[in-house]
Amino acid sequence: MTYFKMFPAWLTHLFSCCNSHSMPLLSERIAVKALKGFSENGLLRAIFPLQSIERGTGAVNVSSQRLIDFCSNDYLGLSGHPALEKAASGAIEKWGCGARASRLMSGDLEIHHALEEEVARLKGTEAALIFGSGYLANLGTISAIVGRDDGIFMDRLCHASMLDGALLSRAGIHRFRHNDMGHLESLLKAERGRYRRALVLAETLYSMDGDTAPVEDLIALKNRYDSMLLLDEAHAMGALGETGEGLVPRCRSREIDIQTGTFGKALGSYGAFCAVSCNLQKFFINRARSFIFSTALPPAVAGANLAAVKMLPGCNKSRGRLRRLSLWLKNAVIQRLGLETPGEYHIIPIIIGENQDTLALAGHLLKNGMLVKAVRPPTVPRSQARLRISLTANHSMEDLERLVRALDNGISKISQGV
Ligand code: PLP
């Protein structure tokens, strides 16, 4: 496959560039040594461009090959929706291409406020605040609300953006076993007293395991131990909930200190938000550095986001379809492939273990016209490399049948060492 052949050629080119200079720059030597190590351990990552994305099916073209895409987070298939495109071009006509400045300078536009009001309505919170991305939302909110004298209690599988926010905050960090409320409670019991403030962090639908957090238990524990709770709804927002509000029911929203979510997944666009109280919104405007020191979201993106948020309550048919496809695939993975998957919704991971086996299986799927990425450490724990299959409402039953057949075939080949 072109995609796989690309790696050695690219690496060889890099090594030869390095050798052609009598004294390569220090940065070149660092990069080449690291890349060699990544390559030897099956950990090399590379990007490759899509030539086009098919409307309606979400299939992609790479090196002139049509591939069914099982990697995208466009869960409702909204990224190419005409309503989002129209809203984006309307916003450009009205506001131009860029917001020109940060929100606190002169980049604060009415369209940003309209979007924040719509998000708050959907989430059932008093207010919301937009950030440049989900990464920046987690980084900014976590590092603003806790500091050196505080403690963070986070699920071991929390996304890198939450870990980076925690590290930036300089708070003490305690990681509890995934979804293990007994372990969280024992950590809070033992450590909470040492800290001025405590913050519990979890995702609602985990990005690499596809399982969900026990939201009610998290709320009970944070109340019992006088702590705050941040829930990241990145993968649930839009795809779950009666009106697409996510996994946190609107009626429980005000008991959660901070909910973050992104417009870059089921909402089909880019950017992110935190849904909070009015006071917390004002606090983050004053203290969240990734909000303060960054240019405001471009008008086109804000316009597309606003259209997407407004559409979510009416997307029940797509959510229902996504749910049926997910249940079918989970069942097929268990019954037909004889494998386990922690996935409960539209993210169905198949944990293979070794990096090279996982890469080989992804390569086999690619040969058969399917794009599924091998997710390896450090994104997931060591020896838990996996295929992360993500479904969208655009997939067909034939797509899923084809995937299961190719997986079955690929797994037997790998187990026979072919
Ligand atoms: N939070 C979680 C759980 C994620 O999976 C991701 C994205 O991969 C993010 C946050 C970051 O969101 P964004 O892509 O908008 O930066």
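**A helix over a sheet, and one aspartate**

Tutor: Let's start with helix H12, residues 316–335, which lies across strands S11 and S14 and runs at about 25° to S11. Keep in mind that this is a predicted model. The strands under discussion belong to an open sheet of three, ordered S11-S14-S13 and paired antiparallel. At the edges sit S11 (347–353) and S13 (374–375), each of which pairs on one side only. If you zoom in on the S13 side, you'll find two bridges joining S13 to S14 (residues 385–390), with the two strands running antiparallel.

Now for the single residue. Asp 69 belongs to strand S3, which covers residues 65–69. Its relative accessible area is 12%, and buried means under 20%, so Asp 69 counts as buried. What does Asp 69 touch, leaving out residues up to four places away in sequence? The contacts are Gly 58, Ala 59 and Val 60, plus Leu 371 and His 395. Finally, look at the side chain itself: a polar atom of the Asp 69 side chain lies 3.4 Å from the backbone nitrogen of Ser 72.

How values were computed. Residues are numbered from 1 along each chain as its sequence is written. This is a predicted model: local features need pLDDT of at least 70, side-chain atom pairs count only at pLDDT 80 or more; totals for chains, interfaces and linings use all residues. Side-chain values use heavy atoms; hydrogens and water are left out. Helices (H or I, at least four residues) and strands (E, at least two) are DSSP runs, numbered from the N terminus. Buried means under 20% relative accessible area, exposed over 50%, partly exposed in between (1.4 Å probe, protein chains only). Contact means heavy atoms within 4.5 Å. A polar contact is a pair of N or O atoms within 3.5 Å; within protein, one must be able to donate a hydrogen and the other to accept it, and residues adjacent in sequence count only if both atoms are side-chain atoms. Two strands pair if DSSP finds at least two bridges between them. Axes are lines fitted to C-alpha atoms, for helices over the stretch in contact, and angles run from 0 to 180 degrees between N-to-C directions.
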